[in-house]
Amino acid sequence: MKEPGFWRMLLGALALGVAILVGFAVGLRVGDRNRRQVQPPVSSLLLLPPVDSVAEPDTSAVSPEMEMPEVPETPESPVEPEKPDLTKQQLAQGVEYLATHNRWNRVEMEKIPALAGLWDAVNTYELDEIRGYNERLASTPLTTIVDGLERMPKQGYYAAKTDHVITLSTYIKRLR
């Protein structure tokens, strides 16, 4: 018969193997759960200091005689980023794209300076932004969209986040 030390070593190795397999299975389960959770972008985590590390401003050096100049009130409309001056050729290229394409592709539109940002505005039903593009481009499809959104305002998204195409005819039907 074999020594009792051999059986003890064999049983210990078997227990160690089972423990490793259980640990591996638990690790897979936890890792899978973490992948499904939406993680905030790393850049936003790096830019913001922790809330409890923000110090209160020192106001002891401010005298009562010092008054802040009055800041004129701004209109309540959202501030739009300034659009660069576009050439007639760039504007014509934008008008041509809108008039000749029933399927508006986000990637294609972003390459055309006159249409940069328009796809996102249309996708989120941003009436004021779309109206601004229409003022510059005077496009029939944009006029139809503006009229439809004025009659029946919408909110949310038209296309899914993974979809980068808006079919114009379907979009306009949804506005009616």
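Arg106 is partly exposed in this predicted model, since its relative accessible area of 27% falls between the limits of 20% and 50%. The side chain of Arg106 meets that of Asp120 in a salt bridge, with N and O 2.8 Å apart. This pair links distant parts of the chain, Arg106 lying in helix 4 (residues 106-111) and Asp120 in helix 5, 14 residues apart. Asp120 is likewise partly exposed, with a relative accessible area of 30%.

The count of salt bridges comes to 3, and they are listed here with their distances.

| Salt bridge | N to O distance |
|---|---|
| Arg106 and Asp120 | 2.8 Å |
| Asp128 and Arg131 | 3.1 Å |
| Arg131 and Glu150 | 2.7 Å |

Side chains of opposite charge can pair when their charged atoms come close. Asp128, Arg131 and Glu150 are linked in a network of salt bridges. An α-helix has 3.6 residues a turn, so residues three or four places apart point the same way. Arg131 also forms a salt bridge with Glu150, and that pair links distant parts of the chain, with Arg131 in helix 6 and Glu150 in helix 7, 19 residues apart. Arg131 counts as partly exposed at 27% relative accessible area, while Asp128 is partly exposed at 44% and Glu150 is partly exposed at 44%.

Helix 6 also has a buried side. Its buried residues are Leu127, Ile130, Tyr133, Asn134 and Leu137. Seen down the helix axis, these buried residues fall within an arc of 125°, so they line one face of helix 6. They pack against helix 3 (88-100), helix 5 (118-123) and helix 7 (140-151). Just after helix 6, Ala138 takes a positive phi of about 50°.

Asn134, which lies in helix 6 (residues 127-137), counts as buried because its relative accessibility of 15% is under 20%. The side chain of Asn134 makes a polar contact with the side chain of Thr143 at 3.1 Å. Apart from neighbours within four places in sequence, Asn134 is in contact with Ser139, Leu142, Thr143 and Val146.

For the protein chain as a whole, the secondary structure comes to 8 helices and 2 strands, which run from the N terminus in the order α-α-α-β-α-α-α-α-β-α. Of its 176 residues, 20% count as buried. Among contacts between residues at least 6 apart in sequence, 50% join residues at least 24 apart. The accessible surface of the protein chain comes to about 14,300 Å², of which 60% belongs to carbon and sulfur atoms.

How values were computed:
Residues are numbered from 1 along each chain as its sequence is written. This is a predicted model: local features need pLDDT of at least 70, side-chain atom pairs count only at pLDDT 80 or more; totals for chains, interfaces and linings use all residues. Side-chain values use heavy atoms; hydrogens and water are left out. Helices (H or I, at least four residues) and strands (E, at least two) are DSSP runs, numbered from the N terminus. Buried means under 20% relative accessible area, exposed over 50%, partly exposed in between (1.4 Å probe, protein chains only). A polar contact is a pair of N or O atoms within 3.5 Å; within protein, one must be able to donate a hydrogen and the other to accept it, and residues adjacent in sequence count only if both atoms are side-chain atoms. Contact means heavy atoms within 4.5 Å. Accessible areas come from the Shrake-Rupley method with a 1.4 Å probe; for residues, only the protein chains shown count as cover. The arc is that of the directions from the helix axis to the C-beta atoms. A salt bridge is a side-chain nitrogen of Lys or Arg within 4 Å of a carboxyl oxygen of Asp or Glu.
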